[in-house]
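Here are my notes on the model you asked about, as numbered points. Have the structure open while you read.

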Amino acid sequence: MVASAVAATVAAVATTLTGCSSGSSAARPDGPPGGRVPVGTGYTADQLEQALLTDIAGYRQAAQPESGEYGALRAIQNLARLQRQVKLNKPRCAAATRTFDTSPGVQAAPAAIATFEKGFGQYATESLLTVPDDLAEHLVRLRVPAACRSFQSTVGDRLSSHQVVEATRGRLGDGSRTVGVATVTGSARVKTWYVVLRSHGYLATVTLYGPNATRAEAEQIARRAHERAERNLP
């Protein structure tokens, strides 16, 4: 995860505002893995984990990959706890920041997550989920409401300002979307670039967070994630 709880929360707010969230975990959840699906109806969490990127140039693995039911993953549960600490200056935008997390079809979806890091507080996270095609298409088509593209958040006594830039619909996979969020907390400035794409039977997300994060790099990583998933998911 990012270097501090405050920075992690900022990343959480920025990422969930785009309509989806992802995270990392240092260990697998206790108990048997979830996210199993009947044969012939989709990919299992184990299959998705095998299709995750294993390396990104210039990065190192921040934690072991995690797989299971999306809502049961420690990474997602930790993110939910962080979200509860965040207060927005536009409460009406709270629903927009949590749409993806609370969707029942996503909470129970088989999923896998991998996170990579490099110096200067930069992180790249990939997640793969098995969701129905209509839900995947809906998530790709989501747009941040105009009134929620500029907002402030507080965690304790720390105030952050966020500015959202939503790119036009992309052509990765069977359709994609890219969103950028610039965040200022005191003298610290970071960017989050988020890519979500759909393909046959799965949804892939890539989040790039850090002071030097760029749209070009986020989409390059997303392209590699899609290529690897296509090779490994029959």
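Predicted model: local features only at pLDDT ≥ 70, side-chain atom pairs only at ≥ 80, totals over all residues.

**Notes on the model**

1. Overall make-up. Residues are numbered from 1 along each chain as its sequence is written, and side-chain values use heavy atoms, with hydrogens and water left out.

2. Burial and surface. Of the 234 residues, 54% are buried. Buried here means under 20% relative accessible area, exposed means over 50%, and partly exposed is in between (1.4 Å probe, protein chains only). The accessible surface is about 10,400 Å², and carbon and sulfur atoms own 53% of that. The areas come from the Shrake-Rupley method with a 1.4 Å probe, and for residues only the protein chains shown count as cover.

3. Contacts along the chain. Take the contacts (heavy atoms within 4.5 Å) with a separation of 6 or more: 66% of them are between residues 24 or more positions apart. Tyr 123 sits in strand E5 (residues 122-129) and is buried, at 12% relative accessible area.

4. Salt bridges, part one. There are 6 salt bridges in the structure, each being a side-chain nitrogen of Lys or Arg within 4 Å of a carboxyl oxygen of Asp or Glu. Glu 137 and Arg 198 make one of them, at 3.2 Å from N to O. This pair ties together distant parts of the chain, with Glu 137 in helix H6 (residues 133-141) and Arg 198 in strand E9 (residues 188-199), 61 residues apart. Glu 137 is buried at 17% relative accessible area, and Arg 198 is buried at 14%.

5. Salt bridges, part two. Which residue does Arg 177 pair with? The partner is Glu 166, and the closest N and O atoms are 2.7 Å apart. Arg 177 belongs to strand E8 and Glu 166 to strand E7, 11 residues apart. Both Arg 177 and Glu 166 are buried.

6. Arg 215 and Glu 219 form a salt bridge with closest N and O atoms 3.1 Å apart. They are 4 residues apart in helix H7 (residues 215-232), so about one helical turn separates them. Arg 215 is partly exposed at 36% relative accessible area, whereas Glu 219 counts as buried at 18%. Elsewhere, salt bridges with shared partners join Glu 137, Arg 141 and Arg 198 into one network.

7. A negative patch. Asp 133, Asp 134, Asp 174 and Glu 230 gather on the surface as a patch of negative charge. Patch residues have over 30% relative accessible area and no salt bridge, and like charges are joined within 9 Å. Asp 174 is in the loop between strand E7 (158-166) and strand E8 (176-185), and is partly exposed at 46% relative accessibility.

8. A backbone angle to check. Phe 120 has a positive phi of about 65° although it is not a glycine. Phe 120 lies in the loop between strand E4 (110-118) and E5, and counts as exposed at 76% relative accessibility.

Conventions: Patch = residues over 30% accessible without salt bridge, like charges linked within 9 Å, V, L, I, M, F, W, Y side chains within 5 Å. Lys, Arg positive; Asp, Glu negative; His and termini not counted. Charge placed at Lys NZ, Arg CZ, Asp CG, Glu CD. Helix = DSSP H or I, 4+ residues; strand = E, 2+ residues; numbered from the N terminus.
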